[in-house]
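Dear colleague,

I am passing on the structure below, and after it you will find some notes on what turned up in it. Please read them with the structure open beside you.

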Amino acid sequence: MRNLRDTTGLSLAYRFAWRMEYFFVTFTGPAQQSGSLDPKARLRRERAERVAAAYGSSGCPVPAAVQEVIDAQGVDLRSTEYTPELWERLGKFRGQ
């Protein structure tokens with residue numbers, strides 16, 4: 001899975017907390033699992049969905065690198081209508 005470096009819409013505090021959680025999952029978390037059960041893949045996908053939501057709220061298209069990470073879950077945000085249900089789903093992240 002591609003390393004996502006886009007930080008659009010992510011605060012410094014969120015990026016720091018995300019890095020710490022990713023670090024701890026890497027060294028002390030559960031074992032790597034397949035598909036959507038992998039904790040590191042889940043963290044990368046949630047971050048990518050947050051970035052996609054920031055692009056969507058500004059009316060910009062979702063970049064291909066962000067979409068590649070999200071595709072692991074099978075959600076194509078480039079062709080998705082931004083409905084209130086989608087925003088609600090994308091907003092259900094830690095602390096939001």
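**Salt bridge and charges over rings**

The structure holds one salt bridge, a term used here for a side-chain nitrogen of Lys or Arg within 4 Å of a carboxyl oxygen of Asp or Glu. The model is a predicted one, in which local features need pLDDT of at least 70 and side-chain atom pairs count only at pLDDT 80 or more, whereas totals for chains, interfaces and linings use all residues. Residues are numbered from 1 along each chain as its sequence is written, and side-chain values use heavy atoms, with hydrogens and water left out.

The partners in the salt bridge are Arg-42 and Glu-46, whose closest N and O atoms are 3.3 Å apart. Because Arg-42 and Glu-46 are four residues apart in helix 2 (residues 39–57), about one helical turn separates them; helices here are DSSP runs of H or I with at least four residues, strands are runs of E with at least two, and both are numbered from the N terminus. Arg-42 is partly exposed, at a relative accessible area of 29%, where buried means under 20%, exposed means over 50% and partly exposed lies in between (1.4 Å probe, protein chains only).

Arg-47 lies over the face of Trp-18, at 4.6 Å from the ring centre, and the charged end of Arg-50 is placed over the ring of Tyr-14, 4.2 Å from its centre.

How many aromatic pairs does a search of the whole structure find? There are three, counting rings of Phe, Tyr and Trp (its six-membered ring) whose centres lie within 6.5 Å, with planes under 30 degrees apart called stacked, over 60 edge-to-face and the rest tilted. One of them joins Phe-23 to Phe-24 in an edge-to-face arrangement, 5.4 Å centre to centre and with 75° between the planes. Phe-23 also pairs with Phe-27, here in a tilted arrangement, at 4.9 Å centre to centre and 55° between the planes. As Phe-23 and Phe-27 are four residues apart in helix 1 (residues 12–28), they are separated by about one helical turn. Phe-23, Phe-24 and Phe-27 together form one aromatic cluster.

In terms of accessibility, Phe-23 is partly exposed at 42% and Phe-24 is partly exposed at 44%, while Phe-27 counts as exposed at 61%. Phe-16 is found in helix 1 and counts as exposed, with 55% relative accessibility.

**The protein as a whole**

The protein has four helices and zero strands, and its pattern along the sequence reads α-α-α-α. Of its 96 residues, 35% count as buried.

Best regards

Technical notes: A charge sits over a ring if NZ of Lys or CZ of Arg is within 6 Å of the ring centre and within 35 degrees of the ring normal.
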